[in-house]
Amino acid sequence: MPHRLKIAPSMLSADFARLADSVKLCEDNGADILHLDIMDGHFVPNITFGALVVGAIRTLTELPLDCHLMITDPDKYIPDFAEAGADLISVHVETGFHLHRTLSQIKSLNKIAGIALNPATPLEYAFEAAEYCDFILLMSVNPGFGGQRFIPTFIRRCEKLREYLDKNGLNHVEIQVDGGISAKNIAEVYAAGANIIVAGSGLFGGDFKQNIEAMRSAVKQ
């Protein structure tokens with residue numbers, strides 16, 4: 001049975017001058033999760049924000065906060081993000097020398113643990129770590145910037161991952177997608193097996209309420 005659709009606005013595309021208003025906009029229009037892109041300027045060519053801003057957002061909402069750590073030394077900072085109020089924490093397999101240890105650390109802090117894979121990273125990395133995950137994030141763009149175009153090979157990769165999970169008794173593991181998602185392609189993405197849908201410009205670019213309603217309407221559950 002398919003997992004329930006969850007829409008996670010990417011706060012990277014929100015109005016940072018009016019962050020509280022952006023958070024309320026997400027709440028008022030039925031967002032399920034807030035996705036927070038943590039970039040260090042090393043693993044990805046951009047710098048966003050750290051645990052201090054996550055903590056500030058935590059005071060504004062009771063929605064789950066999803067911290068996507070696009071940083072080179074995630075183990076060092078996981079406790080900081082957990083203390084700041086993150087509910088979901090994902091790390092990139094490309095940065096982790098000991099993924100089992102990292103995922104165990106996240107779970108020991110009573111957080112939902114995930115791994116993330118860049119578009120050209122072999123899926124086998126996910127296969128080996130899947131049993132220790134609560135969710136797996138497949139990037140559908142190269143990480144580092146918002147507003148990028150969706151990479152079509154995501155669909156094949158997502159279908160293959162979903163098939164592996166279901167065949168190996170890991171059907172409880174959810175698949176998250178991040179990058180270039182809008183009402184135009186969300187149905188295809190959901191059909192491929194991804195149910196946690198991160199969207200930035202696809203939601204904040206234009207009328208947020210209309211965009212999120214169009215995304216939900218496009219998916220048949």
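1. Let's start with Thr-121, which sits in the loop that connects strand E5 (112-117) to helix H5. Helices (H or I, at least four residues) and strands (E, at least two) are DSSP runs, numbered from the N terminus. Thr-121 has a relative accessible area of 8% and so is buried (under 20%; exposed is over 50%, partly exposed in between, with a 1.4 Å probe and protein chains only). Leaving aside residues up to four places away in sequence, Thr-121 touches Val-93, Glu-94 and Arg-157, where contact means heavy atoms within 4.5 Å.

2. A word on the basis: this is a predicted model, in which local features need pLDDT of at least 70 and side-chain atom pairs pLDDT 80 or more, while totals for chains, interfaces and linings use all residues. Residues are numbered from 1 along each chain as its sequence is written, and side-chain values use heavy atoms, without hydrogens and water.

3. On confidence, the mean pLDDT (the predictor's confidence in each residue, from 0 to 100) is 94, and 97% of the residues score at least 70. Helix H5 (residues 124-129) is lowest with a mean of 93, whereas strand E1 (residues 6-9) is highest at 98.

4. Now the overall fold: the protein has nine helices and eight strands. Its C-alpha trace spans about 40 × 40 × 30 Å along the principal axes. Among its 221 residues, 52% count as buried. Of the contacts with a separation of 6 or more, 64% join residues 24 or more positions apart.
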